[in-house]
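This report describes selected local features of a predicted model.

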Amino acid sequence: MNQKGRRPVSYASVALDIPTRAIDAAYDYLVPDGLAATATVGATVLVPFSGRDVVGYVMDVHEEPPAGVAPGRVRPVTQVLAEPAFDGAAARVARWMAAEYACPLCEAVRPFLAPGQKVRVTRASADAPWQLVSEKAGPVDERWVGLVPAANDYAPGQRASRQRAVLEALREGPQRVAELSATIPGAASAVTALAKRGVVEVFSRRSVRGSEATSLSSAAAPRPERLTAGQAEALAAIDAAREEAAGGVVLVDGVTGSGKTEVYLDAIEHALAGGRGAIVLVPEISLTAQTVGRFRSRFGEDVAVLHSRLSTGERFDQWDLVRRGQAHVVVGARSALFAPLADPGLIIIDEEHEASYKQDSSPRYHAREVAARMAAERGCALVLGSATPSLESLARCRAGHFLGRPWTRVSMPDRPAGAVLPKVTIVDMAEQFRGGRRGVFSAPLAHALEGVCERREKAVLLLNRRGFANFLMCRECGCVPECPHCSCALTYHERTHSLMCHTCGRAWPVRAYPDPSTCCPNCGSRYMGAYGVGTQRVEDELHALLPEGVEVIRMDADTTRTKDAHQRLLEQFDAAECAVLVGTQMIAKGLDFPEVTLVGVINADTMLKLPDFRASERTYDLLEQVAGRAGRGGRPGEVVVQTYWATHPAMQAVLLHDRSVFLTAELEEREDAGYPPFSRLGNVTLWGRDERAVRQAADGMAAALREQVGARAGWEVLGPTDCVKARVKDQVRRHVMVKAPSEAALGAVLSSCAASLGRLQGINMALDVDAYDMM
């Protein structure tokens with residue numbers, strides 16, 4: 001208040017939700033006296049802009065009017081539409097994301113908003129206030145009923161059997177009216193009658209969705225008697241970084257099964273004891289049930305879970321628990337990073353090397369980089385954990401710092417309780433073929449599977465390819481059916497007798513030889529043979545190979561489409577006495593089943609020959625991670641890797657459990673070619689239906705980049721050229737790549753060049769900073 005008792009005039013900086021590169025900053029609006037208490041940082045507001053009302057988000061509130069504008073000409077905020085969803089630190093991170101990842105500011109703000117909140121507004125009449133249009137995401141209140149003291153003196157009539165039954169049930173404690181009605185027919189009317197007599201009280205209680213438990217045996221975290229030396233060292237480093245409160249980063253480099261989760265749990269306990277919270281990210285939705293169970297076994301209801309397989313209402317309830325300060329530990333996938341946790345002391349990213357931490361739509365952020373920025377803004381520590389750390393993280397730890405913040409690596413080379421790493425066998429499939437072995441399983445893998453069945457143990461088989469076969473091919477003319485809308489071969493699914501495009505999702509009915517209805521679309525021959533191996537075929541081959549009583553469970557994108565399918569399949573595998581789990585890469589990370597003694601990799605070369613400089617790194621990471629699923633209990637583990645490239649450094653590194661065998665060769669190649677971690681990589685993708693227009697736009701973007709980059713050291717512009725997937729959903733695709741120094745402001749350069757092209761009619765353009773998808 002000023003000397004006359006009046007509130008100082010305040011102004012709100014508002015990010016308008018208009019996704020265009022022409023609006024690259026927040027606009028200032030006057031905050032009317034009536035809205036001063038609600039138009040705060042993080043609020044969603046309605047403001048006038050260019051002759052219409054638009055939705056915006058308050059990024060800052062200040063008392064200084066915008067420079068060069070008379071205070072009387074500043075237009076006021078029209079209405080507050082939603083209460084604050086984020087704070088000032090989050091607003092600063094959003095501004096950084098917009099600049100770093102070359103996206104409009106409103107798109108950088110959206111991850112911080114309440115689940116289900118939309119941009120559209122509506123109102124019931126011309127005089128009514130505007131309201132945000134949201135998915136079904138608001139809070140839900142349930143009707144509860146409980147006894148009041150007068151119930152002790154109340155005796156129902158002789159014929160009031162329902163009232164007696166309700167009163168008897170309520171003596172155990174308050175209950176939901178819906179539960180009473182499910183067990184006592186007519187309970188609702190009895191409750192109404194009892195409430196009129198003042199015997200019971202009916203009240204509302206907030207329902208919290210998304211808190212279901214799991215029966216997974218691995219979803220518990222019993223406290224060990226003592227930590228290993230590696231665990232103690234990692235915990236001390238994390239505590240030191242948290243107490244320093246300078247945004248320090250600790251890389252926990254621990255072999256599979258070394259007990260990284262216990263380190264996270266202990267570190268979070270220390271943070272909670274200091275009055276601060278924690279955010280924990282996992283790379284796969286399949287891991288959330290196990291991880292959430294472990295954290296809830298230690299922290300109870302202080303844990304909220306956020307991931308995309310929850311319904312909008314479930315996500316809202318869990319998000320709102322965090323906002324209201326009722327949960328201080330957030331566990332989830334990439335988007336959980338933006339939960340409204342008021343004072344995090346730790347941000348933990350498990351399996352930090354995973355490409356799933358890179359967002360593939362705007363804002364195309366990487367969770368590791370955003371988390372590092374958040375840690376700096378909030379004065380907390382960032383913990384990265386992996387058995388196969390990314391080359392970028394290893395490089396920063398070798399340097400000891402990155403962007404002014406300390407990076408520390410802590411090694412955990414041993415498994416607890418004397419457990420040892422599994423024995424690895426590399427099987428050369430070319431030799432197996434020459435020896436007459438033509439099936440899916442090599443002799444060593446088939447023998448190992450038979451041993452698992454005899455000992456009534458469990459096995460995991462990895463094949464990073466769903467479907468029955470990779471493709472169909474005519475044995476007479478060599479025709480391979482391709483998607484008419486995308487430049488990729490169709491995958492054959494035998495169960496549905498269909499060819500499916502895994503890019504656009506379309507499917508066509510077809511049968512393979514020897515079915516007499518099969519027919520080549522090119523020459524009419526009926527000899528359309530299935531080539532390659534998919535998860536469906538592996539499942540069928542296992543049923544033929546294994547004896548009765550061995551469960552075969554398939555886990556891929558086809559079997560996990562429905563809600564809770566990941567959890568249900570893992571619980572089925574966990575409960576089985578003897579079983580084989582067949583799946584794609586979603587089974588390779590973090591899963592902990594002590595009964596698994598065998599891991600088999602059907603084809604380790606799936607990703608190795610992709611036109612992507614990260615292909616070798618991804619192959620090594622995947623193989624090392626899936627190998628770590630074996631021998632995590634008291635029994636020794638065995639890993640059988642089938643490959644046609646047995647001498648590749650990635651295969652040899654897995655065989656020897658020696659990362660340096662892979663790293664030495666890989667880093668030399670990366671440095672010679674100027675790829676990350678020795679540079680930053682930007683990828684500009686342009687697509688549209690008109691091929692000529694796409695080519696012209698790509699040429700224009702490449703020219704603008706070369707003009708701006710000039711002869712700057714460490715910068716290089718490559719292309720334009722066709723994408724590997726040159727056509728997707730009837731859209732032609734071309735791209736331009738940019739290499740820049742590792743600490744360069746690449747986003748600003750891409751954004752400036754894109755803005756210089758103006759509006760591209762009929763052309764879409766994506767700017768991807770620190771690109772992972774080169775296809």
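## Packing of H1 and H10

The crossing in which H1 passes H10 is right-handed.

Two packed helices are described by the angle between their axes and the distance between the axes. For helix H1 (residues 88-100) and helix H10 (residues 367-378), the angle is about 140° and the axes are 10 Å apart. Angles over 145 degrees would count as roughly antiparallel; H1 and H10 are therefore oblique to each other. On the H1 side, the residues in contact are Ala 89, Ala 90, Arg 92, Val 93, Trp 96 and Met 97. On the H10 side, they are Glu 369, Val 370, Arg 373, Met 374, Glu 377 and Arg 378.

Val 383 lies in strand S16, which spans residues 381-386. With a relative accessible area of 0%, Val 383 is buried, because buried means under 20%.

Apart from neighbours within four places in sequence, the contacts of Val 383 are Ile 238, Val 250, Val 252, Tyr 264, Leu 346, Ile 347, Ile 348 and Ile 349. Between Val 383 and Thr 408, the C-alpha to C-alpha distance is 9.7 Å, with a separation of 25 residues in sequence.

Helix H11 covers residues 391-399. Its buried residues are Leu 391, Glu 392, Ser 393, Leu 394, Arg 396 and Cys 397.

Methods. Residues numbered from 1 in each chain as written. Predicted model: local features only at pLDDT ≥ 70, side-chain atom pairs only at ≥ 80, totals over all residues. Heavy atoms only, no water. Helix = DSSP H or I, 4+ residues; strand = E, 2+ residues; numbered from the N terminus. Buried < 20%, exposed > 50% of the residue type's maximum accessible area, 1.4 Å probe, protein only. Contact = heavy atoms within 4.5 Å. Axes fitted to C-alpha atoms, helices over the stretch in contact; angles between N-to-C directions. Parallel < 35°, antiparallel > 145°, perpendicular 65-115°, else oblique. Left-handed = near helix turned anticlockwise from the far one by under 90°.
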